[in-house]
Amino acid sequence: MFDFDGTLTRPGALDFSVIKPVIGCPDSVPVLEYMEGITDPARLEKINQVLETFELDGATASMPNTGAEDLLGWIKKIGLPVGILTRNSRISVVRALESFSDFSLEDIDALVTREDPVRIKPSGEGVRWIADQLKVPPAHILMVGDFLFDIEAGRRAGSLTAYLSNHNPLPEGVNADFVVDTLDQLKPVITEGLSLPAGKLPNVFLNDLLRQYQVNDPSVLIGPSVGEDTAAVDISGNAVLVLKSDPITFATEAIGRYAVLINANDLATAGAKARWMLATLLLPRGFSRSQVRKVFADLNQACTEQCVTLCGGHTEITDAVHRPVVSGMMAGTLERKDLIRKRRMMPGDRVLITKGVAVEGTAIIAAEFRSLLLEKGMPPHEIDAAARFKEWLSILPEARIAWQVEGVSALHDVTEGGVATALWELSRAGGKGIRIFLDQMPVFPETRHMGDLLGIDPLGLIGSGSLVIACRPDSAPLLVAELKKNAIPVTDIGEVLSSGQEIQAEEKGVSVPWPVFDGDEITRLFG
């Protein structure tokens with residue numbers, strides 16, 4: 001929410017010290033408050049005419065403030081509503097907006113001027129009125145202005161406040177949450193307040209967050225870091241305890257099995273076999289005993305198949321979730337020499353992927369959105385085939401083969417954000433750039449058809465069941481042969497570069513942008 005004159009427009013277009021002597025207003029009294037004390041209707045009307053003419057002339061001569069058009073364009077692009085709260089007249093606002101190249105009255109979601117039947121500023125009534133119009137609590141509004149009244153109005157309404165100094169000294173009495181010299185400095189402030197998308201925290205944000213909290217325990221061999229699937233702790237000098245925690249939030253069908261396999265997959269990327277598991281079950285209101293029994297049966301069967309001991313956890317019915325959530329914490333051990341660390345990647349290493357893109361996402365969509373797929377025209381037999389992808393969620397068979405091949409430098413499980421995010425994470429964790437050949441990326445026909453029908457990019461779709469492997473070029477033929485001998489499809493999709501932490505993508509020999517996803521593609525369906 002913005003003040004107008006001096007905030008969105010440049011200061012000085014309306015200098016009220018000029019008009020005060022004309023209308024007889026003392027210098028220490030604001031103009032509108034002075035007018036409220038006039039009881040003679042004829043005199044009040046005359047003053048009002050003088051004021052309107054003065055404001056209209058000033059609006060005609062006004063220009064957008066420094067950074068105003070860029071900020072407003074960015075706000076429109078990210079979809080935030082905009083309100084304006086001003087003591088000026090509506091016609092002067094409309095006139096001043098004519099100097100804006102790409103922002104007009106139609107872009108304002110709520111406008112309060114002095115003609116409206118609410119007290120504007122410094123009262124908080126105008127802020128609360130706009131909050132009602134935008135259907136948000138006042139606490140979710142940032143009130144931006146260049147005058148003390150703007151800040152007082154925001155604070156009285158319970159909103160956040162930002163004072164725009166326009167490079168001037170801060171006036172006495174201003175107590176704002178944020179102080180900026182120019183409007184463009186508000187972008188990081190607004191970004192901090194934006195709602196995060198569903199799914200994992202964005203990698204760039206998470207990386208910045210983790211850098212603030214350093215692990216100083218020397219026994220931690222692998223700590224929290226973007227791109228690392230697990231944590232690893234030295235417990236005896238030779239033995240390493242590998243730890244992993246991951247929730248299942250998208251699937252409801254066979255959610256217990258998903259929880260076991262997804263956590264076991266991540267341990268496998270460090271070279272460790274899962275041994276123990278704790279499971280936290282957060283179940284929505286309305287869940288029955290028979291449904292709980294099914295989740296427990298899934299957990300037990302999957303643990304039994306993987307030789308994992310389910311040794312504890314927590315269960316709870318809560319209105320904090322509207323779908324069941326199973327959060328697994330899994331642990332395993334291995335010798336320190338066998339620990340696979342992504343920093344072992346070297347330039348020239350081949351990058352392979354097993355099975356295909358979006359195994360898990362394909363299975364989830366087939367199970368959870370069957371009716372929608374039928375409605376869109378996907379044949380039942382194709383949906384059934386996609387649903388059977390859930391049988392391929394374990395990467396343990398290919399991981400065990402990779403453990404035995406000398407020259408494997410890194411393993412990475414494809415999870416939320418799909419293979420596009422997984423490869424970015426691998427590059428970040430390994431400290432090396434990666435070149436990917438998009439036309440070699442293996443996408444199942446069912447996945448591609450599903451994506452076309454639903455407007456979903458398979459590269460950004462949750463992909464547990466696929467293992468990304470980096471290995472020395474002379475080891476790649478042996479590894480590929482061993483995988484194919486065990487009926488595990490594998491594709492060479494790229495190579496490790498000499499430096500950098502980025503993905504260089506090529507398609508048919510031409511450089512193309514690497515796709516970036518703010519959240520997993522599947523969240524758009526659940527949303």
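This is a predicted model: local features need pLDDT of at least 70, side-chain atom pairs count only at pLDDT 80 or more; totals for chains, interfaces and linings use all residues.

Me: Which residues of H7 are buried?
Reply: The buried residues of H7 are Phe 149, Asp 150, Ile 151, Ala 153, Gly 154 and Ala 157. Buried means under 20% relative accessible area, exposed is over 50% and partly exposed is in between, with a 1.4 Å probe and protein chains only.

Me: What comes just after H7?
Reply: Gly 158, with a positive phi of about 85°.

Me: In what order do the strands of that sheet come?
Reply: The order is E3-E4-E5, three strands in an open sheet with parallel pairing. Strand E3 (142-145) and strand E5 (178-180) are at the edges with a single partner strand each, so one side of each has no neighbour in the sheet. From one strand to the next the twist averages 20°. Two strands count as paired if DSSP finds at least two bridges between them.

Me: How many bridges between E4 and E5?
Reply: Three, in the parallel sense, with E4 being residues 160-164. Ala 162 stands opposite Phe 178 in E5.

Me: Where is Ser 165, and is it buried or exposed?
Reply: Ser 165 is in the loop between E4 and E5. It is buried, at a relative accessible area of 5%. Leaving aside neighbours within four places in sequence, Ser 165 is in contact with Val 180 and Asp 181.

Me: Different strand now. Why is E15 described as largely enclosed?
Reply: Five of the five residues of E15 (residues 467-471) are buried, so the strand is largely enclosed by the rest of the structure. Leu 467, Ile 469 and Cys 471 are on one side, Val 468 and Ala 470 on the other, and both faces are covered.

Me: Which way does E12 run against E15?
Reply: Antiparallel, with four bridges joining E12 (residues 350-354) to E15. The bridge partner of Arg 350 is Cys 471.

Me: And how many bridges join E13 to E15?
Reply: Five, and E13 (residues 408-413) also runs antiparallel to E15. Leu 411 has Ile 469 as its bridge partner there.

Me: On to charges. How many salt bridges are there in the whole structure?
Reply: A search finds 25. A salt bridge is a side-chain nitrogen of Lys or Arg within 4 Å of a carboxyl oxygen of Asp or Glu.

Me: Which parts does the Asp 349 and Arg 472 pair tie together?
Reply: Their side chains meet in a salt bridge at 2.7 Å, N to O. Asp 349 is in the loop between strand E11 (325-335) and E12, and Arg 472 is in the loop between E15 and helix H18 (476-485), so the pair ties together parts that are 123 residues apart in sequence. Asp 349 is buried at 1% relative accessibility, whereas Arg 472 is partly exposed at 23%.

Me: What about Asp 298 and Lys 294?
Reply: They form a salt bridge with the closest N and O atoms 3.6 Å apart. The two are four residues apart in helix H11 (residues 289-305), which separates them by about one helical turn. Asp 298 is buried at 15% relative accessible area, and Lys 294 is partly exposed at 43%.

Me: Which residues are linked in a network of salt bridges?
Reply: Arg 350, Arg 435, Asp 492, Glu 495 and Glu 506.

Terms used. Residues are numbered from 1 along each chain as its sequence is written. Side-chain values use heavy atoms; hydrogens and water are left out. Axes are lines fitted to C-alpha atoms, for helices over the stretch in contact, and angles run from 0 to 180 degrees between N-to-C directions. Contact means heavy atoms within 4.5 Å.
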